[in-house]
Amino acid sequence: MIGKIPLKNRMIVVATNNEHKLREIREILERFEILPAKEFVEDFNPEEIGNSFCENALIKAKELKKYIEYPILADDSGLEVFSLGGEPGIYSSRYSIEGTDQANVEKLLNRLKGKKDKSARFVCCMTLIVGERVIKREGYVYGRIIDQPRGENGFGYDPVFIPDGFKVTFAEMIPLEKNKLSHRRKALEKIRIELEALDV
Ligand code: IMP
């Protein structure tokens with residue numbers, strides 16, 4: 001624990017140190033002050049041992065709650081491919097042995113060889129803890145997986161995912177465009193409605 005930051009009215013601590021996620025969250029929850037876990041806890045990296053995105057998000061949120069009393073937001077996300085029974089799912093970041101984005105994508109493309117149905121969705125579960133209340137909201141973006149990676153932007157499975165209604169992959173879009181459609185945005189929009197209602 002690195003000491004307390006003075007309580008501000010509309011402050012939320014996010015159970016991540018991922019700059020990409022923090023930027024997206026700040027953009028959507030613009031009326032709130034969003035602080036990363038590292039401002040309060042050194043080496044915040046709880047083990048994700050849940051069986052669903054929401055279970056993992058709750059694990060992260062509860063871990064952070066041990067250290068602070070402010071509202072907490074945690075998320076977990078990943079890709080689900082329907083013809084693979086939802087793989088890689090909660091294992092999205094550690095799908096391959098190497099666990100790098102490139103190796104994960106390669107494994108996915110190998111597993112999909114010969115499959116006709118390449119439809120997939122990104123899933124995000126956002127979990128908010130405010131006092132005793134736990135609010136979970138999910139967001140989805142549907143699309144399909146292509147055979148060859150395309151594009152340089154984004155991360156993870158972005159180069160092989162084309163969202164429905166588009167011809168380009170997430171990695172070929174500028175971040176602003178992707179963030180408008182993303183599973184995280186959809187989950188966050190729902191959380192924002194809850195936050196406004198709570199008026200923390
Ligand atoms: P986490 O939510 O940080 O645990 O992310 C899990 C994994 O899901 C990431 O490492 C990526 O492999 C994948 N993932 C989640 N969201 C995205 C996205 O927006 N684009 C591409 N891959 C994603």
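**The H1–H5 helix pair in a predicted model**

Good morning. Contact here means heavy atoms within 4.5 Å. By class, the residues of this contact of H1 with H5 comprise 3 nonpolar, 1 polar and 7 charged. In that scheme Ala, Val, Leu, Ile, Met, Phe, Trp, Tyr, Cys and Pro count as nonpolar, Asp, Glu, Lys and Arg as charged, and the others, Gly among them, as polar.

A word on the basis of these values. This is a predicted model, in which local features need pLDDT of at least 70 and side-chain atom pairs count only at pLDDT 80 or more, while totals for chains, interfaces and linings use all residues. Residues are numbered from 1 along each chain as its sequence is written, and side-chain values use heavy atoms, with hydrogens and water left out.

Now the geometry of the pair. Helix H1 covers residues 19–28 and helix H5 residues 183–198; they pack at about 45 degrees, with their axes 10 Å apart. The axes are lines fitted to C-alpha atoms, for helices over the stretch in contact, and angles run from 0 to 180 degrees between N-to-C directions. H1 and H5 are therefore oblique to each other, given that under 35 degrees counts as roughly parallel, over 145 as roughly antiparallel, 65 to 115 as roughly perpendicular and the rest as oblique.

Staying with helix H5, we find Leu195 there. Is Leu195 buried or exposed? Leu195 counts as buried because its relative accessibility is 0%; buried means under 20% relative accessible area, exposed over 50%, and partly exposed in between, with a 1.4 Å probe and protein chains only.

By contrast, Glu98 sits in the loop between strand E3 (72–81) and helix H3 (101–112). Glu98 counts as exposed because its relative accessibility is 58%. Its C-alpha atom is 32 Å from that of Lys66, 32 residues away along the chain.

Finally, the chain as a whole. Its secondary structure consists of 5 helices and 6 strands, where helices (H or I, at least four residues) and strands (E, at least two) are DSSP runs numbered from the N terminus. From the N terminus, the order is β-α-β-α-β-α-β-β-β-α-α. Of the 200 residues, 49% count as buried. Among contacts with a separation of 6 or more, 57% are between residues 24 or more positions apart. The C-alpha trace spans about 55 × 30 × 25 Å along its principal axes. Thank you.
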